[in-house]
Every structure is written in structure tokens, then in C-alpha cells.
Amino acid sequence: MSRVNRYEYQDWKGFGNRTKIGRKQIGLTKEKFAEMINRSENYVSELEIGNTSCSIHTLYQISKALKKTSDSLLYGDEKNMNNNDEYSNKEILLNIIDRCDEEELAVLKDLIIATYPNLNSIMKKRKGI
């Protein structure tokens, strides 16, 4: 009786899909995400389509970057498995807020309060006006 792959994790396509969804939920590009986990953009592409696995160290880095538990990435989290390819700005912000602890929320609040009075000039600069 063979024990090959009996205990080895096999759902790399599911893991990759959950990683991609998590990345998009918080508005990260593949390039920025790859930088955050200290891997190449090509590696992230291969991981997200399920063509490669990852080490425990990389799993930790992914979990930390996405602010998701390794269990939810490996096995799924039904409440956050909305598989939209595109998220609205509001959905991205809400997903980020949902993943923050109280200290991180305080920093985000301070950033928004500091930026809000200049919002119109920032918007004009983005439009090239």
C-alpha cells in the first residue's frame, strides 16, 4: 500500500485562486504583491493559476501581505469567496478595513483626515488639470 501524496496538500489551483481573489480584494497589482512577498511577478502568476506550490515561508508572507489566515488561503473561507474579477473602489476599501486591527484603523483614519481637505486638488492632479 503506497502512502505517496496521502498527506500532502493538493489544492494548489484553489489556493492560487483564493490568493488572487484576496489580492484583488485589497487592490494590489501582481507587481506590488510580488514585491511584498519577495517573489517575482512570474512566480505570482504561476501561483495564482495553480501551476506552482509554495513553501511554508512563502505561505506566511502571502498570509501577512493579504491579512488572511493561512487556513483560509489553503482551505477557503466561504464568506470572502466572492469571485468578482473587478472590485469597486468602495469594495476594495471595505475589504482593507475589514482586515485591519484597531491600531491600523487608527492610522488609516489619520491618513484620511489629513488627506481629505486636499482631495479636490489631488483629484485635479490625477486628471491632469
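The structure is a predicted model, and its protein chain has eight helices and zero strands. Of the 129 residues in the protein chain, 29% count as buried, and the chain exposes about 9,400 Å², of which carbon and sulfur atoms supply 53%.

**Overall organisation**

- Read from the N terminus on, the elements of the protein chain follow the order α-α-α-α-α-α-α-α.
- Among the contacts in the protein chain with a separation of 6 or more, 61% are accounted for by residues 24 or more positions apart.

**Helix α1 against helix α4**

- Two packed helices are described by the angle between their axes and the distance between the axes.
- Helix α1, which covers residues 12–25, packs with helix α4, residues 56–66, at an angle of about 30°, and their axes lie 10 Å apart; because angles under 35 degrees count as roughly parallel, α1 is roughly parallel to α4.
- The crossing of α1 and α4 is left-handed, and the contact is made by Phe15, Thr19, Gly22 and Arg23 on the α1 side and by Leu59, Ile62 and Leu66 on the α4 side.
- Sorted by class, the residues of the contact of α1 with α4 comprise four nonpolar, two polar and one charged.

**Helix α1 against helix α6**

- Helix α1 also packs with helix α6, residues 89–99, here at an angle of about 105° and with the axes 8 Å apart; since angles of 65 to 115 degrees count as roughly perpendicular, α1 is roughly perpendicular to α6.
- The contact is made by Gly22, Lys24 and Gln25 of α1 together with Glu91, Ile92, Asn95 and Arg99 of α6, and by class it has one nonpolar, three polar and three charged residues.
- Gly22 of α1 is listed in the contact with α4 and again in the contact with α6.

**The surroundings of helix α4**

- In α4, the buried residues are Thr58, Leu59, Gln61, Ile62, Ser63, Ala65 and Leu66, and among them Leu59, Ile62 and Leu66 take part in the contact with α1.
- The buried residues of α4 pack against α1, α2 (30–36), α3 (41–48), α5 (70–75) and α6.
- Just after α4, Lys67 takes a positive phi of about 55°.

Terms used:
Residues numbered from 1 in each chain as written. Predicted model: local features only at pLDDT ≥ 70, side-chain atom pairs only at ≥ 80, totals over all residues. Heavy atoms only, no water. Axes fitted to C-alpha atoms, helices over the stretch in contact; angles between N-to-C directions. Helix = DSSP H or I, 4+ residues; strand = E, 2+ residues; numbered from the N terminus. Parallel < 35°, antiparallel > 145°, perpendicular 65-115°, else oblique. Left-handed = near helix turned anticlockwise from the far one by under 90°. Contact = heavy atoms within 4.5 Å. Nonpolar A, V, L, I, M, F, W, Y, C, P; charged D, E, K, R; others polar. Buried < 20%, exposed > 50% of the residue type's maximum accessible area, 1.4 Å probe, protein only. Areas by Shrake-Rupley, 256 points an atom, 1.4 Å probe, with all protein chains shown as cover.
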